[in-house]
Amino acid sequence: MTKNTGFSFLRTVKSNYKYILSIFATIIMAIVLYADTMNFPMKFLGILFLVSVLLIICLPQEIEYAVIAIILIMGCVSALISPINDIPDERVHYARAVYISEGDINLSNKKANLKVSEDVKRIDEHTGQTIVSETLKETEHSTREFIYPEVKMTNAYYSLSYFPQAIGISLGNLFHLPLVMTYYLGRICNLLVYALLIFLALKLAGQMKQVVAVTSLIPMNIYLAASYNQDGFALGIVLLALSVFMNMLQEDRSISSLKLLSYYLLCGLLVLSKFTYFLLVILPFFIPSAKFDKNKKLVFTNRLLGIIIITIFAAIWFKLYGQVKIPILADFLKQVNVNKQIHNIISSPLIYGRVIFREMLVNLFNLDNILRFGGLTYGTTNLFTLYVIFSVCIYFNNATKINLNWWTRLGIFLVTTGITGATVLAMFLTWTPVGSMVVLGVQSRYLIGILPLLFLLFTSENQQLEKVKDFLSSKSILNITLLFNICMLLSTIFRYYN
């Protein structure tokens, strides 16, 4: 029995030797690219190598389960090795999660209502410390509170986006875990919800499973999902909504009203978590009418219902967002004025229209920021060209799997352009000093959600492309995504654990 088991393991290793060698070569490459000293953290390197090899050897055949395995394992490693509050804006996102875990759902302009546990202060004092640090290990949860006005910096997102993190914090406090363990538990709970949303998305994506899988496994997505940043939840909802849309495009029978309603509800959730993506609600209007019920009145009513749902969600969001005034934490924010900025756009549309359009193009054609981590101070941006080549290969692998007519392509183009423009415009109005010729605050990660739409936009019936369809197996694709995530983890390890 032992002999057979050993033989089976050796055979498994032999059949996966190419993947194992690629992992080893990636670690060597990362050492060359990201290690600043010869004092290598060998324990971290050894553990990461073994975990990665076991993951690729034992990877489930079904792509849904394989993707979730990569997300959970790589995400947990990221959650544990990333220093406290190292992820973009994590300090205020953690404070918001603590605020919600204490039963405070809505933000307020009254300072007296912005009390949070002193856990926030203690965590804040240890920003930048890693899991191997000793100072926080014995610190317990505190029921004492203090006023923390900076929590209002998260007012653009409704509380729903923070429920996973808040649940983790509540569980940690319930079981009297040390503060640092509760902190990491909140990160991991956020990751679990992201994994669940991606699992549902993959189940619905049909022929576009590889596209959704690769998008969900972008290192930045896993990095954000394994943190207190609400973008993990928002990106999960975006990919789930797009998978429902792609499912409707591939539907052989009439699209049910329930499926359409579920799509609109997901778009409604996006209003509260990633506002500019509310434009996804327009996409069903560009699905051929033949795919819907023959009752034209019912089809029109369903589409109208979607607009009403989004309008209601938008009204709620605007009311909540408008009631809370964010504190001015930087001098340049004193020069931000939404009304004056709108006046400038109206009075000089050519000048400021060019500024916004230029920023749209810059962010669409230069997404290397999705490989920059921490406070955007380190990362794997030197691998961006390789990631672009990989993305092109994914396109060739899937380019002919869905056939779209010109009307649907037009809708996808308009929505993609609209989301990009709305993202830039939002930062121009709320984060850029009046009269500036440069838009501040726009980051590539804000546009990750449009990537599946770009794949759809350029689908083709070209017979030459049909010949190269599926030239990469799903396991090869997942292995490559794993290698990019290994590089992400190693860039963090070499920065903080040398």
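Where is D89 found? I located D89 in the loop between α4 (63–81) and α5 (90–101). I took the helices as DSSP runs of H or I with at least four residues, numbered from the N terminus, as strands (E, at least two) are.

I noted that this is a predicted model, in which local features need pLDDT of at least 70, side-chain atom pairs count only at pLDDT 80 or more, and totals for chains, interfaces and linings use all residues. Residues are numbered from 1 along each chain as its sequence is written, and side-chain values use heavy atoms, with hydrogens and water left out.

Entry 1: I looked up the backbone of D89 and found phi near 60°, a positive value in a residue other than glycine. D89 has 45% relative accessibility and therefore counts as partly exposed. The term lies between buried (under 20% relative accessible area) and exposed (over 50%), with a 1.4 Å probe and protein chains only. I then turned to D470, which is in the loop between α19 (463–467) and α20. D470 is not a glycine either, yet its phi is positive, at about 60°. Its relative accessible area is 39%, so D470 is partly exposed.

**Entry 2: helices α2 and α20.** How do the axes of α2 and α20 cross, and at roughly what angle? I found that the axes of α2 (residues 17–34) and α20 (residues 474–496) come within 9 Å and cross at roughly 30°. The axes are lines fitted to C-alpha atoms, for helices over the stretch in contact, and angles run from 0 to 180 degrees between N-to-C directions. The two helices are therefore roughly parallel to each other, a term for angles under 35 degrees. The contact (heavy atoms within 4.5 Å) involves, among others, I23, T26 and I27 of α2 and L482, I486 and L490 of α20. I recorded 13 nonpolar residues, five polar and one charged in this contact. Here Ala, Val, Leu, Ile, Met, Phe, Trp, Tyr, Cys and Pro count as nonpolar, Asp, Glu, Lys and Arg as charged, and the others, Gly among them, as polar.

**Entry 3: S52.** I placed S52 in helix α3 (residues 42–57). Its relative accessible area is 0%, so S52 is buried. Leaving aside neighbours within four places in sequence, I found S52 in contact with I23, M74, L482 and I486.

**Entry 4: helix α12.** I checked the length of α12 (residues 257–273): at 1.5 Å a residue, its 17 residues should span 24 Å, and the end C-alpha atoms are 24 Å apart, which agrees. The expected span is 1.5 Å times one less than the number of residues. Among the buried residues of α12 I listed K259, Y263, C267 and V271.

Note on methods: Parallel < 35°, antiparallel > 145°, perpendicular 65-115°, else oblique.
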